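Please find below some short notes for your review. They follow the entry shown here.

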Amino acid sequence: MAGLSTASSVPGGGVVGRRSGAAAPDREGWEATALRILEYVAYPALAGCALLLLSLGVVTWLPALAATGHALQQWRAGRRARPFVGALAVFGHYWQRLWRHAVVSTTAMVLLVANPVFLAARPGVYAAALLALQVGLVLALVPYHLALAVTAARDPDGDTGRWGPAALLFAFASPWRGLALLAAVVAVPIVTAPLAFGPLLLGATLPLLLGLRLADRLGARAERPS
């Protein structure tokens with residue numbers, strides 16, 4: 001009896017003690033995984049809030065996209081887990097370097113979107129050919145500007161004149177990469193539609209994260225010795 005009493009009074013002893021001790025690491029691992037999953041939703045959503053706010057100026061969408069990409073890259077690298085504040089902090093830097101490109105791109109995209117509406121009401125082979133060309137240009141501009149934002153985000157102090165050529169190579173040197181960027185821009189709003197404000201908050205940030213991931217893989221491949 002004394003032996004049983006002594007054994008039962010030992011802290012953490014017995015089967016119950018061993019089970020609770022074994023379950024604690026599992027619970028901690030599950031909680032860490034859940035927090036990590038929530039982080040991968042919350043931080044891109046916060047970055048999306050900054051992107052929406054900064055894009056209210058209409059022609060500010062491209063510098064805002066680059067600033068958001070930079071903030072997401074800082075978060076991915078573990079240097080700053082504040083994507084909302086980070087995007088706001090660097091927006092002025094990207095605005096100074098990209099505002100001309102943003103004005104030209106905004107004007108071009110407005111014309112490219114308006115022309116198909118005009119051409120769709122015009123019968124004939126030439127109108128159909130021009131309509132197909134316009135749609136193709138719109139589809140090409142989407143991955144290009146996403147690639148431009150990724151390139152600028154990864155090299156904030158680089159030569160602005162090299163961002164455009166680097167973005168063209170990144171988006172179109174590999175057909176599957178350009179298609180992946182375009183597919184992400186199209187698919188993410190559809191997938192996140194069940195979430196409240198999902199397409200607005202995540203519609204651009206998740207494709208940005210994909211672009212940053214692809215750029216990391218491309219950079220690692222370039223640094224690998226042949």
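This is a predicted model: local features need pLDDT of at least 70, side-chain atom pairs count only at pLDDT 80 or more; totals for chains, interfaces and linings use all residues.

1. Residues are numbered from 1 along each chain as its sequence is written, and side-chain values use heavy atoms, with hydrogens and water left out.

2. Helix 7 bends by about 25° at V185 (the angle between axes fitted to the seven residues ending there and the seven starting there). A proline, P189, follows within four residues. Helices are DSSP runs of H or I, at least four residues, numbered from the N terminus.

3. Helix 7 covers residues 175–191; at 1.5 Å a residue its 17 residues should span 24 Å, and the 23 Å between its end C-alpha atoms agrees. The expected span is 1.5 Å times one less than the number of residues. Buried here (under 20% relative accessible area, 1.4 Å probe, protein chains only) are R177, G178, L181, L182, A184 and V188.

4. In helix 6, the buried residues are W163, G164, A167, F170 and A171. Seen down the helix 6 axis, they fall within an arc of 135°, so they line one face; the arc is taken from the directions from the axis to the C-beta atoms. On the other side, G161, R162 and L169 are exposed (over 50%).

5. T106 is found in helix 4 (residues 83–120). T106 counts as buried because its relative accessibility is 14%.

Terms used
Helices (H or I, at least four residues) and strands (E, at least two) are DSSP runs, numbered from the N terminus.
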